[in-house]
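Open the model in your viewer and keep the selection panel at hand. This tour goes stop by stop.

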Amino acid sequence: MYHLIKGLYLYATSKEEYSVLLLGLDNAGKTTLLEQVKATYSTHAHPNLKTVPTVGQNVATVSLPDLYLKFWDVGGQHALRGLWQSYYSSCHAIVFVIDSSDIGDADLEKLALRARRRGRGGGHGRAGAGPGAGRRRPSRRDDDDDDDHGRLAECRLVLEDVLQHSETEGVPLLVLANKQDREDCVEVVRIKEGFVRRVIEGDKGGAVRDSRVLPCSALTGTGVKEAVEWLCSRVKWNREARPPVLR
Ligand SMILES: Nc1nc2c(ncn2[C@@H]2O[C@H](COP(=O)(O)OP(=O)(O)OP(=O)(O)O)[C@@H](O)[C@H]2O)c(=O)[nH]1
Ligand SMILES: [Mg+2]
């Protein structure tokens, strides 16, 4: 009888827990976003916005009225990206964070043109060099063109690599155009049309999935609630394919 009552009590008081994986290039703002999420959904905390590059992972669980979201923030540096795949099978949603001030004008046509130009000139183009292509931050010394397109090529290859992986099949994807508070940012519609939609709808976009592109500033907190609300609704919609854990 005790066990029955205990079981009923636990069932009545437990909530579903869903894991959200934060991915994106180094310096995109993943850890800052995690800090904002924690501060937004707890009553007393101030966000710790003094982040350092993540080596390994940061984990935080936020309690929402009807579920828990457990965020996994992993390092985005090139050498750490190989670790991402170990999180794929257990995640319920992926957030891909983009630094909107570090992707040039988000125009893939221009990018392809430049790659062709470099190919002709025997230059050091990055296209086709795998998910880690162009891992160094571009500098004017390396290549004048790089200053113009930022890390768009790297971003595209990395996102394609994530979506092509069999264990991310069908997992809802939220792309966050972060750093929208910066004057030099690319606006979300350009990121969506010029880049993300082409990746998702392209050959390498992987299987059908729920996806959305939203603007945000992890630093100021703008757009963070909208992002979390989108995640909550989509992990619930996808719960048959990826069942939650009861906590
Ligand atoms: N202006 C502005 N700066 C931001 C924003 N989000 C993050 N930053 C800054 O960008 C830098 C990198 O932020 P992090 O959150 O550490 O980046 P990360 O994606 O976790 O980087 P890794 O751990 O190396 O993968 C820090 O100086 C942040 O203050 C934003 O929305 N606006
Ligand atoms: Mg980090």
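Is helix H2 (residues 30–40) mostly covered or mostly uncovered? Mostly covered: eight of its eleven residues are buried. Buried means that 20 or more other C-beta atoms lie within 10 Å of the residue's own; exposed means 12 or fewer, partly exposed is in between, and C-beta atoms are placed from the backbone. Helices (H or I, at least four residues) and strands (E, at least two) are DSSP runs, numbered from the N terminus.

Before moving on, note that this is a predicted model: local features need pLDDT of at least 70, side-chain atom pairs count only at pLDDT 80 or more, and totals for chains, interfaces and linings use all residues. Residues are numbered from 1 along each chain as its sequence is written, while chains are lettered from A and ligands numbered from 1 in the order in which they are written.

**Stop 1: around H2.** Color the buried residues of H2, among them Lys-30, Thr-31, Leu-33 and Glu-35. Now show their packing partners: strands S1 (16–23), S2 (57–63), S3 (67–74), S4 (93–99) and S5 (173–178), plus helix H8 (224–237). Contact here means C-beta atoms, placed from the backbone, within 7 Å.

Thr-31 lies in H2. Its 22 C-beta neighbours inside 10 Å make Thr-31 buried. Leaving out residues up to four places away in sequence, Thr-31 touches Thr-51, Thr-54, Asn-58 and Asp-73.

Thr-54 sits in the loop between H2 and S2. Thr-54 is partly exposed, with 18 other C-beta atoms within 10 Å.

**Stop 2: ligand 1.** Which residues come nearest to ligand 1? Of the 22 around it, Gly-29, Thr-31, Thr-51, Thr-54 and Gly-76 do. A residue is near if its C-beta atom, placed from the backbone, lies within 6 Å. H2 gives the largest share of this shell, three residues.

**Stop 3: helix H6.** Select residues 152–164. Ten of the 13 residues of H6 are buried, so H6 is largely enclosed by the rest of the structure. The buried ones include Leu-152, Cys-155, Arg-156 and Leu-163.

Key. Two residues are in contact if their C-beta atoms, placed from the backbone, lie within 7 Å.
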